[in-house]
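Here is a short briefing for someone meeting this structure for the first time. Keep the sequence and the 3D view at hand while reading.

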Amino acid sequence: MSEIAEGKKERRQRDILQRLEANSYLALDDIVELYAVNEQTARRDIIALEQNGLARRLHGGVAIARSISPVALRQRRIDNALAKEKIAQVVAGLIPEGASLFLDTGTTCEAIAAALTTHGKLRILTYSLRSANVLCTNPDFVVAIPGGFVRSGDSGVYGADTPDFIKKFKFDYAIVSVSGVDRNGNMGDDEPGEVSTVRAAMAQSASTILAVDHSKFGHTGMVQLGTVNDVDMLVCDQAPPDEFMPLFELESIPIHLPK
């Protein structure tokens with residue numbers, strides 16, 4: 001490769017990284033269009049950034065290489081711990097013996113994993129190693145995880161082909177949590193890789209349970225996962241704020257609360 005071409009490649013990759021630092025995620029198609037390169041060149045740029053520890057390849061794009069710090073995760077487990085425990089018990093009560101499940105990652109879903117361990121003969125796919133470690137203590141469970149890289153902090157497992165792996169399964173229930181639900185009913189998360197994974201799971205599930213504590217209402221995530229119309233029931237530690245109730249009432253989405 002000529003020095004001119006090499007310099008152009010380095011400038012392009014620096015610019016991609018700057019865009020990732022500003023927006024956290026870029027789709028492969030965006031790179032192709034922004035820099036007038038073919039898809040193969042865009043993929044090589046992504047691979048180079050990943051090999052240097054600057055970015056993470058995701059299905060259809062690339063994300064900034066950042067992870068939730070262990071300190072932040074410990075704080076999340078402390079924050080609203082009682083609310084998460086209440087949510088977990090309610091979710092567990094909705095799941096029948098022998099069901100097949102997708103379980104999202106995050107501290108709320110870790111609490112749900114613990115609450116499910118008294119069930120019998122569940123078949124569960126999760127991309128959280130923390131939840132998988134809890135679930136596999138029950139010898140009656142079949143627990144599956146996708147292959148890929150393990151994210152430090154929350155031990156989430158990510159790979160570019162995770163959505164395709166999930167599409168091989170069918171679930172009775174997808175249990176999902178989100179970073180926030182805004183006033184228009186949009187559900188958002190802060191990790192693009194999580195969004196593509198959860199979307200794939202919801203599409204393969206007969207029923208989707210949204211499990212969030214009340215503090216998530218009025219907040220939004222970086223990437224839209226969908227809307228509350230995409231879920232079949234809400235489990236929360238207390239009723240959502242009054243201004244959010246019509247979102248669920250309009251679509252007759254049942255709300256399950258602790259007794």
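How much space lies in the second largest pocket? About 210 Å³. This is a predicted model. The points below start with that pocket, then turn to strands, helices and aromatic rings.

**The second largest pocket**

- The lining of the second largest pocket is made up of 11 residues.
- Glu50, Ala55, Arg56, Arg57 and Phe149 are the lining residues nearest the pocket's centre.
- Strand E2 (residues 55-58) gives the most to this lining, with 4 residues.
- By type, the lining residues are 6 nonpolar, 2 polar and 3 charged.

**The open sheet E10-E11-E13**

- An open sheet is formed by 3 strands, in the order E10-E11-E13, with antiparallel pairing.
- E10 and E13 stand at the edges with a single partner strand each, so one side of each has no neighbour in the sheet.
- Strand E10 (residues 180-181) is joined to E11 by 2 bridges. Gly180 stands opposite Gly188 in E11.
- A hairpin is formed by E10 and E11, with 4 residues between them. In the turn, Gly185 has a positive phi of about 85°.
- On the other pairing, 4 bridges join E11 to strand E13 (residues 223-227), and the two run antiparallel.
- Met187 has Gly226 in E13 as its bridge partner. Gly188 has Gln224 in E13 as its partner.
- Is strand E11 (residues 186-189) covered on one face or on both faces? Both are covered. Asn186 and Gly188 are buried on one side, and Met187 and Asp189 are buried on the other.

**Strand E12 and its parallel partners**

- Strand E12 (residues 205-211) has 6 of its 7 residues buried, so the rest of the structure largely encloses it.
- Strand E9 (residues 171-176) pairs with E12 in the parallel sense, over 5 bridges. Here Ile175 has Ile209 in E12 as its bridge partner.
- Strand E14 (residues 233-235) also pairs with E12 in the parallel sense, over 3 bridges. Leu210 stands opposite Leu234 in E14.

- Helix H5 (residues 81-94) has 14 residues, which should span 20 Å at 1.5 Å a residue.
- The buried residues of H5 are Ala83, Lys84, Ile87, Ala88, Val90, Val91 and Ala92.
- How many of the 10 residues of helix H6 (residues 107-116) are buried? The count is 9, and the helix is mostly covered.
- Buried residues of H6 include Thr107, Cys109, Glu110, Ile112 and Leu116.

**Aromatic rings**

- The whole structure holds 6 aromatic pairs.
- Why does the pair Phe169 and Phe171 count as stacked? Their ring centres are 6.2 Å apart and their planes meet at 10°, and planes under 30 degrees apart count as stacked.
- Phe169 is partly exposed, at 28% relative accessibility. Phe171 is buried, with a relative accessible area of 5%.
- Ring pairs link Phe169 and Phe171 into a cluster with Phe102, Tyr127 and Phe165.

Key: Residues are numbered from 1 along each chain as its sequence is written. This is a predicted model: local features need pLDDT of at least 70, side-chain atom pairs count only at pLDDT 80 or more; totals for chains, interfaces and linings use all residues. Side-chain values use heavy atoms; hydrogens and water are left out. The expected span of a helix is 1.5 Å times one less than its number of residues. Buried means under 20% relative accessible area, exposed over 50%, partly exposed in between (1.4 Å probe, protein chains only). Rings of Phe, Tyr and Trp (its six-membered ring) pair if their centres lie within 6.5 Å; planes under 30 degrees apart count as stacked, over 60 as edge-to-face and the rest as tilted. Two strands pair if DSSP finds at least two bridges between them. On a 1 Å grid over the protein atoms alone, a cavity is a set of points where a 1.4 Å probe fits but cannot get out, and a pocket is an open set with protein on both sides within 12 Å along at least five of seven lines; lining residues have an atom within 4 Å of a point. Grid points are joined across faces, edges and corners, and a volume is the space filled by probe spheres set on the points. Ala, Val, Leu, Ile, Met, Phe, Trp, Tyr, Cys and Pro count as nonpolar, Asp, Glu, Lys and Arg as charged, and the others, Gly among them, as polar.
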